[in-house]
Amino acid sequence: MIHVTATESDAVRAIEAEAVSSRFARGWHCLGLAETFKDGKPHTVHAFGQKLVVFTGADGKTNVLDGYCRHMGGDLSQGTVKGNEIACPFHDWRWGGDGRCKSIPYSRRVPLRARTAAWPTMEQDKLLFVWNDPEGKQPPADVRIPVIEGATRDDWTDWRWTEQVVHTNAREVIDNVVDMAHFFYIHKSFPTYFKNIFENQTATQIMKGVTREDARRAREGSGGGGPRMLGNTSVASYHGPSFMIDELTYHYEGYDLHSVLINCHYPIDENSFSLHSGIIVQHSDALPPEAAEATAAKLSEFILLGFQQDVEIWKNKTRIDNPLLCEEDGPVYQLRRWYEQFYVDAADVKPEMTDRFEFEIDTTRPVESWKKEVEENLARSEGASA
Ligand code: FES
Ligand SMILES: [Fe+2]
């Protein structure tokens, strides 16, 4: 009997996954709508593996401090805002937004080392951002989140904002940037063009798609109603590790609907994150203010449904460091190399993490196969209703 050595193609592929790091990404993270934190009360926010207190002083500035008082460990997020300071509920020590203890009402003097951790904050486009840096440095001036013009303009709706806790590591949501095929199978959309560009702090996904007729009919019934949506164009970029701005245009028969979608998150700990979505819609002749509001509400629901579809997969999948890819998959490894820049010390960021990288998927084969699948689904549902 002769034993044949297994050839490489016979070998079983093993799934590899290193332990998840408890270090959290360097960068601006959005905590949600700024006004949420302007009610004069302290807010508890679990982020970056810690409990934080977020409060807005009388001066209108929103501050983020470590949640635990350096005196005897009281929970500052259960305290009271007094002037520009947060007063601890335990013995009333007053902490300023810069992390320094400003006064102790029952004491003559504040101890010398009375300083706690403070996170830099920024408000832009009615959103609150907090800067996380494991090295404790201030945000470099050139690391910015682009301004979203529509967010403060009268001819756009206000933010429709949602948030939810997802119990997995945040890398899963980042992977979506390059994952064209899941948009068809999980989100019931139909990509026809798909390209990624990574450069410096930005990772972009450009996607064009057509309406998937089988999914539309399943949603709306065969009648539909309203103008027919033909497809969409999406240009979505992560700016830093967690804040994605998606310029999303829906093409209807006769007009385009312009929206900006935010897909952002902050890590709660290494195994969970807070996932947020925001949407604004531009008014137009075809879409006067009230109709735009209604559309924004509908789109917001639609985005939540999309998140739910992803969550269902994340809940049951395993972490994989060595995905096995085919030619029509996007550049998962290059994306993760880009993402790595936020997890190493600033001095250790390598050119391969930030150099410009472009990749366009050849969609010939996917489009052919997906067309067939949609047609088969339509024929089956027509057969069933006949
Ligand atoms: S523990 Fe905060 S004032 Fe004493
Ligand atoms: Fe997804």
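Among contacts in the chain between residues at least 6 apart in sequence, 57% join residues at least 24 apart, a contact being counted where the C-beta atoms of two residues, placed from the backbone, lie within 7 Å. The model is predicted, and local features need pLDDT of at least 70, side-chain atom pairs count only at pLDDT 80 or more, and totals for chains, interfaces and linings use all residues. Residues are numbered from 1 along each chain as its sequence is written, while chains are lettered from A and ligands numbered from 1 in the order in which they are written.

The C-alpha trace of the chain spans about 85 × 75 × 40 Å along its principal axes, and 31% of its 386 residues count as buried, that is, with 20 or more other C-beta atoms, placed from the backbone, within 10 Å of their own. The chain has 7 helices and 19 strands, which are DSSP runs numbered from the N terminus, with at least four residues (H or I) for a helix and at least two (E) for a strand.

Two domains divide the chain, domain 1 covering 27-132 and domain 2 covering 157-380, with bounds that come from an automatic or database domain assignment. Their C-alpha centres lie 34 Å apart, and the contact between them takes 12 residues from domain 1 and 14 residues from domain 2. On the side of domain 1 that touches domain 2, strand E1 (27-33) and strand E2 (43-47) each supply at least two residues, and the largest share, 7 residues, comes from E1. The residues of that side divide into 6 nonpolar, 5 polar and 1 charged, where Ala, Val, Leu, Ile, Met, Phe, Trp, Tyr, Cys and Pro count as nonpolar, Asp, Glu, Lys and Arg as charged, and the others, Gly among them, as polar.

An open sheet of 8 strands runs in the order E12-E18-E17-E16-E15-E14-E13-E19, with antiparallel pairing; two strands pair if DSSP finds at least two bridges between them. Strand E12 (160-166) and strand E19 (357-360) stand at the edges with a single partner strand each, so one side of each is left without a neighbour in the sheet. From one strand to the next the twist averages 15°. Within this sheet, strand E17 (residues 255-269) pairs with strand E18 (residues 272-281) in the antiparallel sense over 10 bridges, and His-265 stands opposite Leu-275 in E18. Helix H4 (residues 289-316) packs on the sheet, where it touches E12, E17 and E18, and its direction makes about 155° with that of E18, the axes being lines fitted to C-alpha atoms, for helices over the stretch in contact, and the angles running from 0 to 180 degrees between N-to-C directions.

Conventions
A residue is buried if 20 or more other C-beta atoms lie within 10 Å of its own, exposed if 12 or fewer, and partly exposed in between; C-beta atoms are placed from the backbone.
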